[in-house]
Amino acid sequence: MEQSPDTEPNILITGTPGAGKSYLCERLAEQLKFNWLDCSKIAKDNNFVEEHDDEFDCPILDEEKLMDHLEPLMAKGGNIVEYHGCDFFPERWFEAVFVVTCPNTVLYDRLKDRNYNERKLTSNIECEIFGTILEEAYDSYKEDKVFKLSGETKADADKSLKTVKNWYRMYKRK
Ligand SMILES: Nc1ncnc2c1ncn2[C@@H]1O[C@H](COP(=O)(O)OP(=O)(O)O)[C@@H](O)[C@H]1O
Ligand SMILES: [Mg+2]
């Protein structure tokens with residue numbers, strides 16, 4: 001996929017479930033006039049599911065089907081992609097990767113509200129404590145493309161909006 005210079009970039013918003021990705025994406029998409037692609041929702045709506053994980057009580061994503069669906073959209077540019085993982089996307093898709101993080105006590109309450117089972121709750125809290133997604137992002141993308149954001153408070157979200165919009169401004173200047 002060759003991006004022409006006037007093509008809008010694609011950005012990835014990742015992080016542990018509950019960290020505040022959707023909250024940020026909704027506002028970003030509106031302010032940047034970008035297309036918000038929530039991969040979990042897309043997978044559910046299109047049944048891009050391999051099987052059900054009974055232990056974690058969640059569907060297992062069919063990554064290939066999701067990527068075939070996304071490829072033509074990514075070629076157009078101007079997308080904000082949301083997913084709680086980042087290592088299986090083609091690196092070339094994204095001009096920037098933002099990892100939303102959240103203190104684990106706050107995250108715990110948010111996931112409790114979603115009625116996650118104990119196994120899933122623990123697994124996601126551990127994911128946040130160990131910084132798993134941030135590490136995954138650094139392992140999968142060039143360091144200067146990866147940025148860490150906080151999704152704890154509304155003030156954090158405002159700060160994150162500014163960070164992403166500033167990144168975009170710099171990108172457009174190049
Ligand atoms: N920056 C924030 N400040 C306050 N509440 C937030 C913030 N980000 C998310 N939330 C709340 O936390 C919950 C989970 O957020 P959500 O954006 O759906 O997480 P994710 O998309 O990462 O799974 C929602 O109830 C949302 O309103
Ligand atoms: Mg979400």
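These legends go with close-up views of a predicted model.

Residues are numbered from 1 along each chain as written, and chains are lettered from A, ligands numbered from 1, in the order written. Local features need pLDDT of at least 70 and side-chain atom pairs pLDDT 80 or more, while totals for chains, interfaces and linings use all residues.

**View 1. The largest nonpolar core has 38 residues.** Such a core is a set of buried Ala, Val, Leu, Ile, Met, Phe, Trp, Tyr and Cys residues joined through C-beta atoms within 7 Å. Buried means 20 or more other C-beta atoms within 10 Å of a residue's own, exposed means 12 or fewer, and partly exposed is in between, with C-beta atoms placed from the backbone. L12, I13, I80, V97, F98 and V99 touch the most other members. Strand β6 (residues 96-101) gives the most, with four residues; strands here are DSSP E runs of at least two residues, and helices are H or I runs of at least four, numbered from the N terminus.

View 2. N124, C127 and E128 are its buried residues. After α5 comes G131, with a positive phi near 65 degrees.

**View 3. Strands β3 (residues 49-53) and β4 (residues 58-61) run antiparallel.** Four bridges join them; pairing takes at least two DSSP bridges. Look for H52 opposite P59 in β4. The two strands form a hairpin with four residues between them, and D57 in the turn has a positive phi of about 50 degrees.
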